[in-house]
Every structure is written in C-alpha cells, then in structure tokens.
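Have the viewer open and click along as you read.

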Amino acid sequence: MPEYIGPNAMPKKIIPIIDYRHSKTAPVIPAVIEEPNGLIGDAFGRPLQDLRISLTDRCNFRCVYCMPIESFGKDHVFMPRASMMTFEEITRIAQIFVNHGVQKIRLTGGEPLLRKHVENLIEMLAKLKTYDGSDLDLTLTTNGALLGKKAQSLKDAGLNRVTVSLDSLDDATFKRMNGVDFPVSDVLRSLDVAHSVGLGPIKVNMVVKSGMNDQEIVPMARYFKDSPFILRFIEYMDVGTSNHWEMGEVIPSAEVVRRISAHMPLEEIEPNYTGETAERWRYQDGGGEIGVISSITKTFCHECVRARLSTEGKLYTCLFAESGHDLRALMQSGKTDQEISTALAHLWRLRADRYSELRSANTKSKTQTGKKIEMSYIGG
Ligand code: SAM
Ligand code: SF4
Ligand code: SF4
C-alpha cells in the first residue's frame, strides 16, 4: 500500500487556482483503467475514508437551521422517487468507495428512516468489508422520530450505531426549532430504546443557534452527564441558503465549553483518531465526556476525509459544493465497476475543497455568493 503522506501535507497558504466546486458534473473515465488499492489521496493528500449517503431529501421535521418551513412548505417539490438511487445501486457504488479505502458509512438525509425498507439496505451494506477485510463502521443519523419503532429492526439488519439530533430539552424551544411541534419526550424515548437494543455508543447532536436554544446548553449538558450518551454541540453552519445564516447567530464552541465548565468543570482530551471532527472534553469529576464541533471557528478542512453521495447518486467532495458528479449516470450508462472506480479515483485526486478554511481566511462573516446545496439534500 502506498504511504499516506498525512494531512499536514496540505499547504496552508496556497489558494487553489481552480475552484473544483464549479467544475462540470459529468465524470470522465480516464483512458487508463486502474485497480483500487485501498488508498487514494486528494490534491492535499487527504485519503478517502468516510462516506455519507443521503437516502432521501424528504423529512418529517422542518428544523429552522436546515429546512425552514418558509422554504420547505407544502408546495415544495421533492425529488421524484424514480430519481433516487435504488438499494442495489447504493450498495454497488458503496463497494467501489470501500475499495478505495472507505471504512465508515453513515446513512443520512433528509430523514433516512423515512426511506421505505431501509433495513434491507442496511443488510446489504453490512456485508461489505473494508479493503483490509474488516467490518465497516455502519451508522446512521436521525432526528429520532421513528427510531423507537425501528431501533430493533435496524440493529437486527446490521446497523452498528446511531447519532440522534436533539436541540433542546424544553418542549416549547424544541417545537419551535423542529417546526412541526414534535415533542422532546418522544426523542428521549427513542434514545432509550436505541440504547437498550445496543445501537451504541450513541451520540446526541445539538445545533446551537444563538437566541434560539443557547440557554439550553447547560441543561442539555447536565441531562446527558453520567449517561451512556455523548452530547455534541455543533456550531450553526452556513450550509445551504434557505436558513439565511448570519455569523451573529453562531455560538463559538469555546463559549459552549466556558458556559458548561462554569457549572461542571471540563478538561480537554485527545481525539479518538486523526481527523475526528469533534473536539473531546471530559468532566473532571468523571461524569463522562462531551464533544464540540467547531465548523465555523476552528475549521478542520485539512483533515477532511469525507465524501458525500446525494440521494440521486451524485458525488459531492465538500459540504459546500455547488455541484456534484453524477456517478449514477455512469452506472445507468452501463459502465463497469472498474471504469467507475477509475473515474472516482480521478475525481478524488483532483479534490481541492477547503471551503471553511477559505471562509475563515477571508472574513469571519458571510462569504458565499453562489448557490449552495442544502444540508437536507446532501446529508449532514
Ligand atoms: N434528519 C437527520 C437528523 O436531523 O439527524 C439526518 C440529516 S441532518 C441534515 C444531519 C445533521 O445535520 C443533524 O445533526 C443536523 O442537526 C445537522 N445540521 C443541519 N443543518 C445544520 C446547520 N445549518 N448547521 C449545523 N448543523 C446542521
Ligand atoms: Fe430534517 Fe434533519 Fe434537517 Fe432537521 S436537520 S430538517 S431533522 S434533515
Ligand atoms: Fe470538508 Fe468542505 Fe467541510 Fe472543509 S468545508 S471540512 S473540505 S466538507
């Protein structure tokens, strides 16, 4: 296996000449077909290790920071079902990614549990092996609404663990944020069921939006302290355009840690692995740990080993990409696995995305001018 030169190989001050987000969507099949060897590096030496697959652009929530009701109302036109990749196509393409070094697959959306018979897909994906023959880390992010009902069948199908989004313990705040009056108690019940069937360790994601739920930081930390769940605070991100993001609505992770520490002292601990997006902090009294994901104030593009596959089968090499590369079109036009694999390797080698770093370098405020894709389309 070739030696990976490491994320530090990424030049810090060079701005890419080509902004790859604007390149053409049709993937090219290079003339020379190559065999995958479990490791490809992008333009900055970042390997391809993590794949997020969006199973649907639909959702039963209308979170203010993701699918605000004003933009995703009754008239909103979602993707026709025929445009969605089939389970066979997803599994085939996932195998191709795995051959290039992917070790972790996360199913997301929209709300992935809305996809009919999702357990069948999980069964198919759970059979895939990493390049060196180990089991994949197969996980799913959900809003928890349907998790209580489905946890056992997801576990039986081979899902390893889940991440559950929950932005508040206060019903009024949570209902205002999820946009559909969904109660906190149902998510908490789902968390318990998921834990009892063994879908752990379970992470709980809280997006913090200033003036909306930041008063819930300490109560959430207190509730999940000494519990089997790992609470992670996510900085509100400028993903998509429909949420009308403003820098002033971001609470920096440092402030989150400061507020919690004032009541329950924290100390920073080592990451579990290189490239972990969450910084880890543990309670000094041994009450477990929390994570903070500082997508805005402490960017981690230099360690980003993540690819995203949209519901219709387009590869996005960055959360902030404006266009994707239509891998499903390659499958539908009868290309072989070797051809698609070679096209993927070519795309990854060209990858020079580092949107968040450039945003930070430019200004600490809104920078995007073009049309960004929505989080609900590409998956978080
Ligand atoms: N529907 C599922 C859920 O909410 O868990 C999966 C899809 S959702 C797009 C994935 C994650 O993205 C969630 O944890 C959500 O809170 C997060 N997210 C969505 N919009 C965000 C934003 N503007 N900033 C930060 N995180 C966001
Ligand atoms: Fe739906 Fe998840 Fe987006 Fe909320 S964050 S609207 S639950 S996709
Ligand atoms: Fe990765 Fe793009 Fe996010 Fe940077 S901005 S961490 S490259 S997804």
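The points below go through the core, a ligand site and some annotated cysteines.

1. First, keep in mind that you're looking at a predicted model.

2. Start with the largest nonpolar core, which has 110 residues. Phe97, Ile105, Phe233 and Ile260 touch the most other members. Helix α1, spanning residues 87-99, supplies the largest share of this core, with seven residues.

3. Setting aside neighbours within four places in sequence, Phe97 has contacts with Leu48, Leu51, Val102, Ala307, Leu309, Leu315, Leu327 and Leu344.

4. Next, have a look at ligand 2. Around it sit Cys59, Phe61, Cys63, Tyr65, Cys66, Met67, Gly110 and Asn143. Sorted by class, that shell comes to six nonpolar and two polar residues, with no charged ones.

5. Now for the annotation: an unreviewed UniProt entry puts a "binding site" feature at Cys301, Cys304 and Cys318. They're spread over 18 residues of sequence, yet they cluster in space, with a largest C-alpha distance of 9.3 Å.

6. Is Cys304 buried or partly exposed? Its relative accessibility is 22%, so Cys304 counts as partly exposed. You'll find Cys304 in the loop between β9 (289-293) and β10 (306-309). Beyond four places in sequence, Cys304 is in contact with Arg46 and Arg351.

7. Cys318, by contrast, is buried, because its relative accessible area is 12% and buried means under 20%. Look for Cys318 in the loop between β11 (314-316) and β12 (325-326). Not counting residues up to four places away in sequence, Cys318 touches Asp353, Tyr355 and Ile378.

Terms used:
Residues numbered from 1 in each chain as written. Chains lettered and ligands numbered in written order. Predicted model: local features only at pLDDT ≥ 70, side-chain atom pairs only at ≥ 80, totals over all residues. Heavy atoms only, no water. Core = buried A, V, L, I, M, F, W, Y, C linked by side-chain atoms within 4.5 Å. Buried < 20%, exposed > 50% of the residue type's maximum accessible area, 1.4 Å probe, protein only. Helix = DSSP H or I, 4+ residues; strand = E, 2+ residues; numbered from the N terminus. Contact = heavy atoms within 4.5 Å. Near = heavy atom within 4 Å. Nonpolar A, V, L, I, M, F, W, Y, C, P; charged D, E, K, R; others polar. UniProt positions renumbered as here; feature names shortened; annotations may be inferred.
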